[in-house]
Amino acid sequence: MKIRTFILAGSILTGSVLFAGSYLAVSRAFDVAVTTQARESAEATARTTFVAMYELMSTGWSRAQAERFVARTREANAGQGGMVQIYRGPRVEALYGPIEQPALDAELEQVLLSGHSFHRVKDENIRLLYPLQAEEKCLGCHHNATVGDTLGVIEVRQDLTPALTGLRGGFLAQTAWWLLPAAFLTLLGVFLVNRRVGRALDGVEARVAEVNAVADLRKLEFPREESGFEEIHRILGAVEELVKRLRAVAVDKDMLTFEIGLLEKFVITSEIIRDWHEYVNHLVRDINKVMPAHLLFSLFQIDDELFDLEIFWFNPPNAGARAQVERHIRDILERHPRFSAYTHFNINHHVAEADASEVELDEETLALHVKSFFVDTPKIGGIVGVGVHANELEDETRHLVLDSVLSTLLNVVGSVKAIYKYTRDLEYYATRDPLTDLFNQRVFWELLGYEIDRAKRHDCSFGVLLIDLDNFKLVNDHYDHATGDRFLQLFARTVHGVLRGGDIFARYGGDEFVVILPEAELPQVSEVAHRILHAVRDMTLDGPDGTPIRATASIGMAVFPEHATEAKDLFLFADNMMYRAKAEGKERVAIPSSDDVVEVFRDISNKSVLILNAIEERKLVPHFQPILDVRSNTVAAYEVLCRMPLEGRILRADEFVEIAEKMGVIHRLDCLIIEEALGRLRDAGHDGLMFLNLSPRALVLNEFAKSVRRVVADSGVDPSRIVFEITERDTVKNLSLVQRFLNDLKFDGFKLAIDDFGSGFSSFHYLRHFPVDYLKVEGDFVMNILQSPRDRAFVQSMQSLAQELGIQVVAEFVESAEVLEELRRMGVDLAQGYYIGRPEPQILHGAWSPAGEPMLV
């Protein structure tokens with residue numbers, strides 16, 4: 001956009017805005033003034049009319065005289081654009097009969113009833129209603145009234161349009177005469193500004209066009225031409241200053257070619273990262289081909305107060321040169337705020353030309369030519385700085401170019417070291433649990449497979465231990481997750497201390513750990529397990545409040561090939577033994593007998609067949625647990641729970657869901673139970689919400705989403721009445737897939753609940769990523785709200801958070817009237833638990849009452 005166009009457009013816009021604003025302000029002032037005057041005039045007219053009426057009535061006027069008075073009053077005001085109407089009230093009509101008058105509207109009736117005057121301004125018309133109130137002297141004729149009663153109403157109407165139109169027209173007429181001169185002055189100003197600015201710019205363009213080489217910059221000058229504007233003078237001065245700086249930093253093409261050739265060597269490959277020390281030595285050699293550089297150093301952060309100082313020499317330094325460089329670098333670092341007196345440096349020297357003569361450096365040269373650069377917040381690995389020592393260059397331009405090369409070297413050398421450390425860390429943590437520094441689950445399975453192959457080759461046996469901490473969740477709940485992490489670290493160190501040298505120790509997940517005991521038979525495996533049991537029993541961690549924290553462990557074991565010959569079967573056997581130890585009272589080792597092998601795998605096999613048959617024959621039985629609306633005391637929803645009949649008893653979901661997940665049929669099981677439950681709820685006439693549990697293993701299957709939509713559509717149930725529950729602790733591994741699936745369901749109208757909220761490590765993470773409608777508070781918190789101020793505070797905090805986010809709260813494990821009443825006082829929305837109702841195949845109907853049983857249908 002040209003300046004003249006900008007100024008012209010700005011002037012027109014500014015003038016238009018000012019004129020429009022002035023017109024609106026004056027018009028508003030006219031409206032207020034005319035309306036105020038009209039209201040005061042109407043009130044005066046009403047009072048005058050009232051006084052005249054009273055004087056006439058005092059003479060004992062007849063009905064005909066009264067009607068003539070009303071008519072003449074109306075005619076007198078009609079000529080002035082107004083209207084006066086007198087209305088007779090009910091008390092006057094009772095004595096003297098009705099008169100011909102318009103029908104009373106709501107405003108008139110309100111004035112007759114209240115006795116207060118009323119006025120309204122609408123569409124430039126004013127209406128005033130003035131009550132005729134009885135005084136002591138009126139009671140002689142109106143003996144059916146008392147003082148203060150409203151006998152009638154005087155209505156005064158006034159049309160303000162003519163007055164306002166005249167005032168606005170006068171304002172426009174008075175302001176129109178100066179618009180043409182203002183437009184002319186604007187155009188003249190635009191012309192003069194454009195002429196002067198254009199003249200100055202033409203001069204700059206002409207002189208810049210004469211610059212074709214670096215040498216031309218020395219001849220480039222801008223004579224001071226009178227432009228008439230201070231701003232133009234400032235621009236010309238700034239351009240002259242820019243030319244001066246360009247003269248100082250301009251680089252010839254030959255020098256740039258050299259720089260580019262050197263920078264092309266800064267290509268980082270995997271070979272460079274692997275042999276990064278030799279790579280930097282090559283860089284030192286290349287730099288010395290174009291400039292005398294004695295050394296290059298890089299500083300790399302290893303820990304909070306630990307740094308690696310790598311010094312790369314071109315020629316081997318003598319002892320004095322080494323000491324001087326180290327002292328000089330330390331002096332620089334001590335003045336930098338990043339380092340403290342506690343900072344420790346691991347110093348390593350490297351030499352590119354080991355066969356060359358030794359370097360001798362004096363203090364003055366070293367102090368003058370060290371370049372330093374520090375990255376306070378490095379993006380990769382913790383690069384802190386790098387420095388170069390070089391001889392002074394006589395050519396300032398050449399020195400500046402090479403200085404930029406050194407700046408690039410800072411990043412390249414630091415990045416190589418950072419990536420080197422980063423890749424080593426990746427390799428390490430790909431096999432390790434970052435909290436306990438033990439092998440992770442993936443490595444455990446690899447080593448277990450390797451150990452099976454090794455045992456087969458050498459015809460030997462080995463053992464597997466599965467260790468689960470008893471009641472570890474209480475440590476997190478009653479203290480905090482940081483304390484829980486410290487406890488797991490202490491547990492890992494304690495167990496590792498009683499294992500044999502070649503034993504393999506891994507963290508399987510959460511509070512589950514596994515041990516592989518090479519070349520061990522059942523007695524040796526049992527002995528190691530009992531050593532672990534006793535060591536854990538004696539282990540103590542001081543809590544945040546100083547109280548000792550203790551825990552016990554349940555251990556299951558399996559021996560190859562006695563109990564299984566495949567990795568998964570061996571692990572599954574140890575897992576069953578661990579659960580047996582828990583079932584027998586915890587804090588023990590479950591030592592398998594010869595009969596356990598048959599029993600465990602028969603049980604797993606039977607359940608697998610049972611699950612397949614139940615799915616094929618549709619034998620799954622939904623149970624319904626009521627969810628109470630705490631405020632209305634009615635059943636607002638049901639949670640659908642899956643049950644399976646087996647040999648005359650009913651299996652809970654936790655007894656077969658894990659097997660169904662391992663078999664890969666969990667999505668079919670979920671769809672089947674959802675279909676059956678929706679049909680029963682629909683047939684029972686339930687019109688509330690339905691909470692349906694979803695397995696996280698099923699959520700990541702594409703066909704599962706389609707199946708869920710089809711089942712719901714066939715049932716005829718509105719998706720807005722269906723709430724899908726996911727358990728917080730089970731979704732973290734597939735967060736992105738689960739998020740996409742749940743967003744799709746939310747788009748279709750379904751609702752979402754997070755079950756066991758507060759039990760995992762990522763509660764707030766899920767609230768940020770998932771479109772949550774309900775939070776089901778972990779039952780362990782709810783059970784103890786009457787005894788534990790800490791648990792009550794947790795529940796209250798969750799309730800407050802949910803309320804702020806527009807989410808409803810469901811309190812689980814409500815098992816007494818006192819807990820329910822406390823939840824009601826806390827403002828919790830919904831409650832669920834055995835006190836409300838146990839899971840049953842029947843559906844509760846009607847109002848819930850703790851004193852009597854709800855009606856079943």
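Let's start at strand 15, which covers residues 552–560 and includes Phe-560. In this predicted model, Phe-560 has a relative accessible area of 4%, and since anything under 20% is called buried, Phe-560 counts as buried. What packs around it? Setting aside neighbours within four places in sequence, Phe-560 is in contact with Ile-452, Ala-455, Lys-456, Cys-460, Ser-461 and Phe-462, and also with Thr-565 and Leu-570. Take Leu-570 from that list: it sits ten residues from Phe-560 in sequence, and the two C-alpha atoms are 7.3 Å apart.

Now over to the largest nonpolar core, which has 64 residues. The members that touch the most others there are Phe-724, Val-814 and Leu-823. Helix 21, residues 666–683, is the top contributor to this core, giving nine residues.

Not counting residues up to four places away in sequence, Val-814 touches Val-782, then Val-819, Leu-820 and Leu-823, and finally the run Ala-831, Gln-832, Gly-833, Tyr-834, Tyr-835 and Ile-836.

One last stop is Asp-829, in the loop that links helix 28 (817–826) to strand 25 (830–831). A polar atom of its side chain lies 3.0 Å from the backbone nitrogen of Val-809. Beyond four places in sequence, Asp-829 is in contact with Leu-628, Asp-629, Val-630 and Arg-631, plus Gln-799, Ile-807, Gln-808 and Val-809.

Key: Residues numbered from 1 in each chain as written. Predicted model: local features only at pLDDT ≥ 70, side-chain atom pairs only at ≥ 80, totals over all residues. Heavy atoms only, no water. Core = buried A, V, L, I, M, F, W, Y, C linked by side-chain atoms within 4.5 Å. Buried < 20%, exposed > 50% of the residue type's maximum accessible area, 1.4 Å probe, protein only. Helix = DSSP H or I, 4+ residues; strand = E, 2+ residues; numbered from the N terminus. Contact = heavy atoms within 4.5 Å. Polar contact = N/O pair within 3.5 Å; in protein donor to acceptor, adjacent residues only side chain to side chain.
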